[in-house]
Amino acid sequence: MTSKQKASNDDDQTTTPPRVLSLLSAATEIVCRLGCSHLLVGRSHGCDDPPLITSLPIATAPRVDPNAPSAALDAQVRVQSASGGPIYQINNHLVTSANPTVIITQEQCRICAVTPDDLNQACQNLPPTAKLITIMPVSFDDVLGDVITISNALGVHERGERLVKHIKRQLADLNTTALSVLGNNPKPKVAHVEWLAPLMGSGYWIAECVAFAGGEMVHGYPG
């Protein structure tokens, strides 16, 4: 892709703005950080940041009680999963009426959020032109790659490149400051817990974020 083509991508919204349905909270935040919140036509039940998007129609709902105690919720999820059914229900009518041209979901964990399979099973009348963007990050570089993937899908490639560079600068500054404060002292031990009962530690890019901040994970590893 030439630089001229990239610049033209950033102008795509002036001709045919995409209609974006985000079914993942992290993706919704990325869309907003790219300055494209006005393109959103729907969201998942878990998308609540930034606050301006909470007025959008909600396309999904959990089939379990999200307010149950940790152990009880885990048991509900296991029963639902063992039955072979999806953890989330999708409002087919809402998705169809929103007429999205870009749908963002994930394939990292079927327990955590709606997956492409969930969407395909629940929504039989999706527009044939709708573009399904599926992200599945493992490392922090993958997360940054997802920023580029989403920016490309929205026609704002250059904004994505700028956002990635900004995040990298912020992390570099954070790491420099953390190491300066730490000096010759041992790195603080950090436990980042995703679930209390049963106890589940974080991994993937979370461990990298802890390292950027000068810490060392005690329950979870990168990747």
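**Pockets, helices and backbone**

Modeller: Happy to. Let me begin with what surrounds the largest pocket: α2 (25-33), β3 (60-62), α3 (70-82), α6 (140-153), α7 (157-182), β8 (193-195) and α8 (204-212) each put at least two residues into its lining. Keep in mind that this is a predicted model.

Colleague: Which of those gives the most to the lining of the largest pocket?

Modeller: That would be α2, with five residues.

Colleague: And how much space lies in the largest pocket?

Modeller: About 1600 Å³. The lining has 44 residues, and those nearest the pocket's centre are Leu24, Cys109, Cys112, Ala113 and Glu194.

Colleague: What's the lining of the largest pocket like by class?

Modeller: It has 28 nonpolar residues, ten polar ones and six charged ones.

Colleague: What volume does the second largest pocket have?

Modeller: About 160 Å³. Eleven residues line the second largest pocket, and Thr16, Pro18, Thr101, Val102 and Ala153 are the closest to its centre. By class, that lining splits into five nonpolar, four polar and two charged residues.

Colleague: Switching to helices now. At what angle do the axes of α6 and α7 cross?

Modeller: At roughly 155°, and the two axes come within 7 Å. Angles over 145 degrees count as roughly antiparallel, so that is how α6 runs relative to α7.

Colleague: Is the crossing of α6 and α7 left-handed or right-handed?

Modeller: The crossing is right-handed.

Colleague: Which residues make the contact?

Modeller: On the α6 side they are Phe140, Leu144, Val147, Ile148, Ser151 and Asn152. From α7 come His157, Gly160, Glu161, Leu163, Val164, Ile167, Lys168 and Leu171. Sorted by class, the contact of α6 with α7 has eight nonpolar, four polar and two charged residues.

Colleague: Where is the place of Asn125?

Modeller: Asn125 sits in the loop between α5 (116-122) and β6 (131-135). Leaving out residues up to four places away in sequence, Asn125 touches Asn92 and Thr96.

Colleague: Now the backbone. Which peptide bond has omega near 0°?

Modeller: The one from Asp49 to Pro50, which is cis. Pro50 is in the loop between β2 (40-43) and β3. There is also a cis bond joining Ala197 and Pro198, with omega about -5°. Pro198 belongs to the loop between β8 and β9 (200-201).

Colleague: Great, thanks for the tour!

Methods:
Residues are numbered from 1 along each chain as its sequence is written. This is a predicted model: local features need pLDDT of at least 70, side-chain atom pairs count only at pLDDT 80 or more; totals for chains, interfaces and linings use all residues. Side-chain values use heavy atoms; hydrogens and water are left out. On a 1 Å grid over the protein atoms alone, a cavity is a set of points where a 1.4 Å probe fits but cannot get out, and a pocket is an open set with protein on both sides within 12 Å along at least five of seven lines; lining residues have an atom within 4 Å of a point. Grid points are joined across faces, edges and corners, and a volume is the space filled by probe spheres set on the points. Helices (H or I, at least four residues) and strands (E, at least two) are DSSP runs, numbered from the N terminus. Ala, Val, Leu, Ile, Met, Phe, Trp, Tyr, Cys and Pro count as nonpolar, Asp, Glu, Lys and Arg as charged, and the others, Gly among them, as polar. Axes are lines fitted to C-alpha atoms, for helices over the stretch in contact, and angles run from 0 to 180 degrees between N-to-C directions. Angles under 35 degrees count as roughly parallel, over 145 as roughly antiparallel, 65 to 115 as roughly perpendicular and the rest as oblique. A crossing is left-handed if the near helix is turned anticlockwise from the far one by less than a right angle, and right-handed if clockwise. Contact means heavy atoms within 4.5 Å.
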